[in-house]
Each structure stands twice: as structure tokens, then as C-alpha cells.
Amino acid sequence: MKKFPFTSILGWSSSRFDTFSSCKRKYYYRYYAKHDTDFALDQINRLKQLTTVPLTVGSIAHDVIETLLKRLQKSDSDIDTSRLKEHIIKMVEDTIQKSEFFELYYQKQEELDKESMVEAIYKCLQLFIESDRYAWINQQPMEQRHKWVIEPPGFGETRINDLKAYCKVDCMIPTEEGVFIFDWKTGKNDVAKHRKQLIGYSLYAHNNFGHPEKDIRAFVVYLKGIFDEAELELQEGEVKQFYETFVDDTTEMQSYCADVDKNTPKGKDEFEMIDSGLCAYCEFKELCGK
Ligand code: SF4
């Protein structure tokens, strides 16, 4: 796997650009908190680390899928569903103990509904395990499974047109029919939004692992409500368009840097607040007086 020497310059990621697009002030607190002089860094970091019930469901579902796939690399024996549930309960209890939740901090809920979190995660896992995709994964030859890349370490740093980007894939399975990339989603189905991520993952597989572009097949897999998956089928000119959008996104974010190479921000006032319903769900709302 290709690695890149450290540079301070900002790197594009789908989530970074989403935050940038939604609210510049939120973007400032998420990525440049240490430059703030109005609030203590500890306070900003505490808010930044707030989690939510849906985020926790997604995060634990990802972790459990990672564990299942790593297990499949060694054994294709059936999954013990009661042990799986116990494992999920333990992970939910640990997360509730270690993390601070938005719902308790801001919405003043007395306590979290642990049972419904466990059920939501278990349902995601059930959809996954009962899917044709899981059966397909489980049919892959045992002697080839060591080549699977499951939650690769790091942040998926790559280069696209010489610019830094982060495109971390959930799972990459090389087969004789090409390399299959999967991105698990526990939120709502939004293929149009996720196409951009899939193109980024494909470029990551090409740039970092040397897979020929023609051999790469990228899928987004939805695990909420019903199992669904969509394969990225590139339209003519779409990669070129992605490159152009990617450069535009990066240039736009860099325009908020005082020093682009060092990735230091302009003054906080340049990062405007918004006035929208989104503020109600924002972890930084106490800093903005919302
Ligand atoms: S509360 Fe609103 S204005 Fe403040 S950072 Fe969040 S989204 Fe932006």
C-alpha cells in the first residue's frame, strides 16, 4: 500500500467538504479549533466529541461488520446469533459509558434507550448476514481471503491530481472478476450523494493499491430498513467531472486559509454562522448562542 510523506496542507474528504458546505463556523470549530481565542480548546473538543444515537448505531455496526469479515478470513462456520447479540450489547454499554451523547447534553434526555440502539444495530447486522452480498463474500476462496483489505489503518490518505485527499474504504475484496469495494451505510439511501464518495474510493484503490481502473467495482451497501446496494457505474466523462469538482472543492476550502501550505485559517469572523434549522442539531450550538 502506497504511503505519503506528512504535509500540513489540507486534504479533501467528502465529510470535510460536507461540513464546509453546511456551515463555515461549524467547519472552523471542527477543523481549526486550536486557533480559536474565544473558547477553551477543551470546551470545543468536548462538543466536537459528542456523539449521537444514530452515529453510535452506525459506528458499532461498522465495527461489528469489521469483526465478522475478519472472522470470515479465518473461518466460514455459521455465526452464533446469540453471541453476536451479546457482543453488540457489550459494545453499546461500553460506548454509553465512555462517550458523551448529544441527546443527553443538549436535549436533556434523562437516559438513552439502550434496547432500541441494540435492536437497530442487530437489525443492520441481520440484513447484512442474510443478504446475497454476504453469501457472495462467504463464497470467496478461503486461500484468497488474506488479501481482503478490511478497514485499512489510517485515514485513507491518497493523492488525486497531486492534491491531498482522504478516501477511506470500508472493505476491498480482490477477486478474479476485479476488485470489489464496499461502503456500508446505516443511514438513509442516497445514491446520488454517495456516488462522489465511491469515485474517491475507486481512485484510492487505483492510486494506493495499483488496481487498474477498469478492474475496480465500487458498491454502496445500505443496511437500514431493507438491504439494498448500488454499484457505481461510471457515466462518460464522470471521472473528469469528479476531478474538476474535487479541485474546485479544495480551492474553495483553501480560500479560507491564511497560509495554504501550513493549513492555518483566516480569522474566525471569515467563517460565517448560518441561521437555519440545522443549528438545532449542531454540536457547537452553545458556542453560537443558538
Ligand atoms: S450552531 Fe449553527 S451557526 Fe453555529 S456552528 Fe452550528 S450550524 Fe453553524
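Reader: Hi! Is Met-273 buried, partly exposed or exposed?
Author: In this predicted model, Met-273 counts as partly exposed because its relative accessibility is 40%. Buried means under 20% relative accessible area, exposed means over 50%, and partly exposed is in between, with a 1.4 Å probe and protein chains only.

Reader: Thanks! What should I know about the model and numbering?
Author: Being a predicted model, it needs pLDDT of at least 70 for local features and 80 or more for side-chain atom pairs to count, while totals for chains, interfaces and linings use all residues. Residues are numbered from 1 along each chain as its sequence is written, and side-chain values use heavy atoms, with hydrogens and water left out.

Reader: Nice. Which residues surround the ligand?
Author: Met-273 is one of them, along with Cys-23, Lys-26, Ile-274, Cys-279, Cys-282, Lys-285, Cys-288 and Lys-290. Near here means that a heavy atom of the residue lies within 4 Å of the molecule.

Reader: How does that shell split by class?
Author: Six nonpolar, no polar and three charged residues. Ala, Val, Leu, Ile, Met, Phe, Trp, Tyr, Cys and Pro count as nonpolar, Asp, Glu, Lys and Arg as charged, and the others, Gly among them, as polar.

Reader: Switching to helices: at what angle do α4 and α5 pack?
Author: About 135 degrees, with the axes of α4 (residues 53–72) and α5 (residues 81–98) 11 Å apart. Axes are lines fitted to C-alpha atoms, for helices over the stretch in contact, and angles run from 0 to 180 degrees between N-to-C directions. The two helices are therefore oblique to each other; angles under 35 degrees count as roughly parallel, over 145 as roughly antiparallel, 65 to 115 as roughly perpendicular and the rest as oblique.

Reader: Which residues of α4 and α5 meet?
Author: From α4, Thr-56, Ile-60, Asp-63, Val-64 and Thr-67 meet Leu-84, His-87, Ile-88, Met-91, Val-92 and Thr-95 of α5. By class, this contact has six nonpolar, four polar and one charged residues.

Terms used: Helix = DSSP H or I, 4+ residues; strand = E, 2+ residues; numbered from the N terminus. Contact = heavy atoms within 4.5 Å.
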